[in-house]
Amino acid sequence: MNKLKEKMALVYLAFNILAALAIAVAANLITIASYYQIGYFRALQRLLFNNFYTLAYLLLLWLLNYVVMEAFVEIFDNLVAQKYRYIKFKDRQVVSLAIAVTVLAIIVLLILHPLDLYFYNFIGVAIYLALRKGYQEIKEKGLVKFG
């Protein structure tokens with residue numbers, strides 16, 4: 001059982017690392033393609049092979065995404081724990097606090113509308129974390145049997 005938990009933890013970490021990389025690459029591709037008005041394949045070439053600084057910036061953004069994801073897990077899974085886990089309405093658990101905060105942050109950013117790299121990056125990370133948290137809560141309630 002202990003070996004299984006270790007393997008699942010490694011799979012979880014690998015999945016978060018790959019998701020952070022995919023979000024960073026997508027945000028960079030969208031930004032480069034819109035700035036230079038080129039296609040996504042050309043933007044990928046420009047991102048990876050143009051110079052060292054764009055690649056280093058991608059790697060730093062990847063690291064930032066991973067740190068944000070792990071901080072989100074620590075804050076909402078461990079610190080908030082059970083007391084503030086759900087938003088209640090008439091003694092019913094309506095929605096998870098983590099998902100509500102994520103959606104509120106997306107709405108605020110959409111109102112401010114700064115279409116740049118960090119905007120696309122944050123939207124990608126927020127959507128990933130909301131989906132991950134929603135799946136985790138559905139799994140805890142026993143509605144899905146796998147994973």
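Among contacts between residues at least 6 apart in sequence, what percentage join residues at least 24 apart? The answer is 60%, with contact meaning heavy atoms within 4.5 Å. Keep that in mind while you click around.

**Before you start**

This is a predicted model, where local features need pLDDT of at least 70, side-chain atom pairs count only at pLDDT 80 or more, and totals for chains, interfaces and linings use all residues. Residues are numbered from 1 along each chain as its sequence is written, and side-chain values use heavy atoms, with hydrogens and water left out.

Colour by pLDDT, the predictor's confidence in each residue on a scale from 0 to 100. The protein's mean is 78, and 74% of its residues reach 70 or more. Among the elements, helix 2 (residues 40-49) has the highest mean at 92, while strand 1 (residues 86-89) has the lowest at 55.

**The whole protein**

Switch to cartoon view. You have 5 helices and 2 strands here, running α-α-α-β-β-α-α along the sequence. Helices (H or I, at least four residues) and strands (E, at least two) are DSSP runs, numbered from the N terminus.

The accessible area comes to about 10,300 Å², computed by the Shrake-Rupley method with a 1.4 Å probe, and for residues only the protein chains shown count as cover. Carbon and sulfur atoms hold 71% of that surface. Of the 147 residues, 29% are buried; that word means under 20% relative accessible area, with exposed being over 50% and partly exposed in between (1.4 Å probe, protein chains only).

**Stop 1: the largest core**

Select Ala 24, Ala 27, Leu 29, Ile 32, Ala 33, Ala 43, Leu 47, Leu 58, Leu 61 and Leu 117. These 10 residues form the largest nonpolar core, a nonpolar core being a set of buried Ala, Val, Leu, Ile, Met, Phe, Trp, Tyr and Cys residues joined through side-chain atoms within 4.5 Å. Helix 1 (2-36), helix 2 and helix 3 (52-79) each supply at least two of its residues, and helix 1 gives the largest share, 5 residues. There is also a second, separate core of 9 residues, including Phe 72, Phe 76, Val 125 and Leu 129.

Zoom in on Ala 24, in helix 1. Its relative accessible area is 0%, so Ala 24 is buried. Leaving aside neighbours within four places in sequence, Ala 24 is in contact with Leu 58, Leu 61, Trp 62, Asn 65 and Asn 121. Draw a line from Ala 24 to Leu 61: they are 37 residues apart in sequence, but 6.0 Å apart C-alpha to C-alpha.

Next, pick Leu 58. Not counting residues up to four places away in sequence, Leu 58 touches Ala 24, Val 25, Asn 28, Leu 47 and Leu 48.

**Stop 2: Asn 28**

Is Asn 28 buried or exposed? Asn 28 counts as buried because its relative accessibility is 5%. Asn 28 lies in helix 1, and beyond four places in sequence it touches Leu 47, Tyr 57, Leu 58, Leu 61 and Leu 117.

**Stop 3: across the chain**

With a relative accessible area of 16%, Ile 123 is buried.

**Stop 4: rings and a charge**

Show the aromatic side chains. Rings of Phe, Tyr and Trp (its six-membered ring) pair if their centres lie within 6.5 Å; planes under 30 degrees apart count as stacked, over 60 as edge-to-face and the rest as tilted. The count comes to 3 aromatic pairs. One of them is Tyr 35 with Tyr 36, edge-to-face at 4.8 Å centre to centre and 85 degrees between the planes. Tyr 35 is exposed at 64% relative accessible area, while Tyr 36 is partly exposed at 41%.

The charged end of Arg 46 sits over the ring of Tyr 36, 3.8 Å from its centre; the rule asks for NZ of Lys or CZ of Arg within 6 Å of the ring centre and within 35 degrees of the ring normal.

**Last stop: Gln 37**

Most residues other than glycine have a negative phi. Gln 37 is not a glycine, yet has a positive phi of about 55 degrees. Look for Gln 37 in the loop between helix 1 and helix 2, where at 72% relative accessibility Gln 37 counts as exposed.
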